[in-house]
There are 2 protein chains.
Amino acid sequence: MRSLKKIGEFGLIGTIKKSAHIEKEVIKGIGDDTAVLPLDKKRNLLLTTDMLVEGVHFSVKENRKLVGRKALAVSISDIAAMGGVPKFAVVSIGIPNSACERGIKDIYEGLSRIAKEFGVSVVGGDTVQSKKLVINVALTGESGKKDIVLRSGAKPDDVVFVTGALGQSLKTKKHLKFIPRLAHAQYLVKCFKPSAMIDISDGLSSDLAHVLNESKVGAVIDEKAIPRAKGATVAQALSDGEDFELVFTLPKKEAEFFRRQKKFKVYEIGIIVQKKKGFMLRDSKGKLNKIIRKGYGHF
Amino acid sequence: MRSLKKIGEFGLIGTIKKSAHIEKEVIKGIGDDTAVLPLDKKRNLLLTTDMLVEGVHFSVKENRKLVGRKALAVSISDIAAMGGVPKFAVVSIGIPNSACERGIKDIYEGLSRIAKEFGVSVVGGDTVQSKKLVINVALTGESGKKDIVLRSGAKPDDVVFVTGALGQSLKTKKHLKFIPRLAHAQYLVKCFKPSAMIDISDGLSSDLAHVLNESKVGAVIDEKAIPRAKGATVAQALSDGEDFELVFTLPKKEAEFFRRQKKFKVYEIGIIVQKKKGFMLRDSKGKLNKIIRKGYGHF
């Protein structure tokens, strides 16, 4: 769920958040990777949704199986980033009159394949006519009440990690082929205590900024430590969207244990600081520069 | 959830149903008003989704508050038709570059107002760029395990009822202003034992045909008994879509009790018969004519 941040120019998020009706039972509504809702004494229900539009999130000529795959993968990534496991999906699809049967079947095939890989059941949907191809997935998940990781828990001295190389995801087609970091996230929430986590959909600087804002802290990121995809510049690793890696923070003590783990390759990129110190990048000469958010925006 | 039936010309439903990955725990997947999923010992989780596209489900000039209202109302209607109560919604919206802030705010206001009326919490969403305005709502619900009403439970001799007048919903704007029949449905499942239920989104003949197909039965509908909206012909009452009334069946004994209830005005329109007798309309002279499904289709 890329939340409602994309509509920045309208300044609508605040309005929508204010106007959105919320009953008391809601644990976390608008403003994180997924909503967190009551399920039973031990578990929370997670709910997220993502819309992909032809010409915006994928090109007309794109492999339809990969498009279907991506439509579900982005929501699995959101559930993972909350510390949950994905469960049930409903798929809406708006189809142009000119669409070929084959292409639509391929979308469902790609979607169904990744559903199977991640144990997601596709339980319904809606199929309508549309000018451009539009796919919307809504996905539920579950998490143990103790496993939930919000964006708002980072504290000064926490260590910042990222799960993989960043930048150029459109060029490399990683934006279509990425593996949602569910295994990483489940390992983290079961064996460590991450204080905050988010998936990188809009770009490291944008998405980490959400964590900093929600947690009311700052951060110093080490330029040299940012893992870059082959051929990606530092600026691209910071700002390109759709890598769908996880960025997370661990309290100092937890980080000490975590550094010794061999299960997954992760990258330590910086440290959380007090809010007043801002969101800074330490360059190769040790100089601190202010990070300006340049993540992908829709408007 | 208008399921995947709209894509009739592609003959895709079968393919999608076959290709859709489903885990064993799913109680009811594709093919009813909503999916039915395990929640706890006493309750089921319901999940549905509906997509509205500008120029297909509403016109460019339509009142935006009513458009937002409809986007959620159609999903509330689906939850009601399963015997459940609506709980949590996520809203995706695809917005053209040319859209005015005011119009978008109005959509959310209309949506939020009906959310409040029906106790639905709007807990998240996605906001993206799109050529035409597209709104997708995914809605969860809950039902007592005993309250679930599928399309597949109608039996010969069951009596067929409908909750309100049908036809001309586009002309009268009922398709935007209808009240989801949650109160009717909850009264029905708490006090009677409906054997099957569906909401009328595609037209009485189309939607009742889904019940007949799923239940493997036929029906005889009395032409004179079909409640018609002012100015609507019998053909329109049978075929016009988007009335969002409920059509439901009650076993003969239950129907006897139900006829005496004074809480809601409902209309008895016919009787379930054996499958081999088909889906028939009894005209004013008592003659039986085969009903041909003419509900709204997208393709």
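Reader: Let's start with A:Ser215. Does this residue count as buried or exposed, and at what relative accessibility?

Author: In this predicted model, A:Ser215 lies in helix α7 of chain A, which covers residues 204–215. Buried means under 20% relative accessible area. A:Ser215 falls under that cut-off and so counts as buried, at a relative accessibility of 10%.

Reader: Which residues does A:Ser215 touch, leaving aside those up to four places away in sequence?

Author: One residue that A:Ser215 does stand apart from is A:Ala138: the two are 77 residues apart in sequence, and their C-alpha atoms are 27 Å apart in space. Not counting residues up to four places away in sequence, A:Ser215 touches A:Arg151, A:Ser152, A:Gly153 and A:Ala154.

Reader: How many salt bridges does a search of the whole structure find over all chains?

Author: Let's look at a few of them. Among them is the bridge between the side chains of A:Glu54 and A:Arg64, at 3.0 Å from N to O. There is also a network in which salt bridges that share partners join A:Lys174, A:Arg181, A:Asp243 and A:Glu245. Over all chains, the search finds 34 salt bridges.

Reader: Turning to chain B, how many residues apart in sequence are the parts that B:Glu54 and B:Arg64 tie together?

Author: The side chains of B:Glu54 and B:Arg64 meet in a salt bridge at 3.0 Å, N to O. Both residues are buried. B:Glu54 lies in the loop between β2 and α2 of chain B and B:Arg64 in helix α2, so the parts they tie together are apart in sequence by 10 residues.

Reader: In chain B, which residue has the C-alpha nearest the axis?

Author: The axis in question belongs to the 180° rotation that superposes chain B on chain A. In chain B, the C-alpha nearest that axis is 3.1 Å from it, and the residue is B:Ala138.

Reader: How much area is buried between chain B and chain A?

Author: The contact takes 70 residues from chain B and 70 residues from chain A. Carbon and sulfur atoms give 67% of the buried area, which comes to about 5,800 Å².

Reader: What polar and charged links cross between the chains, and what is the count of residue pairs in polar contact?

Author: The count of salt bridges between chain B and chain A is 2. The side chains of B:Lys87 and A:Glu25 meet in a salt bridge at 3.1 Å, N to O. The side chain of A:Thr49 makes a polar contact with the side chain of B:Ser92 at 3.2 Å.

Reader: Which element of chain B gives the most to the side that touches chain A?

Author: Elements of chain B that each supply at least two residues of this side include α1, β1, β2, β3, α3, β4 and β5. The residues of this side divide into 35 nonpolar, 22 polar and 13 charged. With 9 residues, the element that gives the most is β4(B).

Reader: Back to A:Thr49. Which backbone oxygen does its side chain reach?

Author: A:Thr49 lies in strand β2 of chain A, residues 43–53. A:Thr49 is buried, with a relative accessible area of 0%. At 3.0 Å, its side chain reaches the backbone oxygen of A:Val137.

Reader: Last one: how many residues of helix α6 of chain B are buried?

Author: The buried residues of α6(B) include B:Leu182, B:His184 and B:Tyr187. What covers the buried residues includes α2, β3, β7, β9 and α9 of chain B. Helix α6, residues 182–191, is mostly covered, and of its 10 residues the number buried is 7.

Definitions and conventions:
Residues numbered from 1 in each chain as written. Chains lettered and ligands numbered in written order. Predicted model: local features only at pLDDT ≥ 70, side-chain atom pairs only at ≥ 80, totals over all residues. Heavy atoms only, no water. Helix = DSSP H or I, 4+ residues; strand = E, 2+ residues; numbered from the N terminus. Buried < 20%, exposed > 50% of the residue type's maximum accessible area, 1.4 Å probe, protein only. Polar contact = N/O pair within 3.5 Å; in protein donor to acceptor, adjacent residues only side chain to side chain. Least-squares fit on C-alpha atoms with pLDDT ≥ 70 in both. Contact = heavy atoms within 4.5 Å. Buried area = accessible area lost by both parts, 1.4 Å probe. Salt bridge = Lys/Arg side-chain N within 4 Å of Asp/Glu carboxyl O. Nonpolar A, V, L, I, M, F, W, Y, C, P; charged D, E, K, R; others polar.
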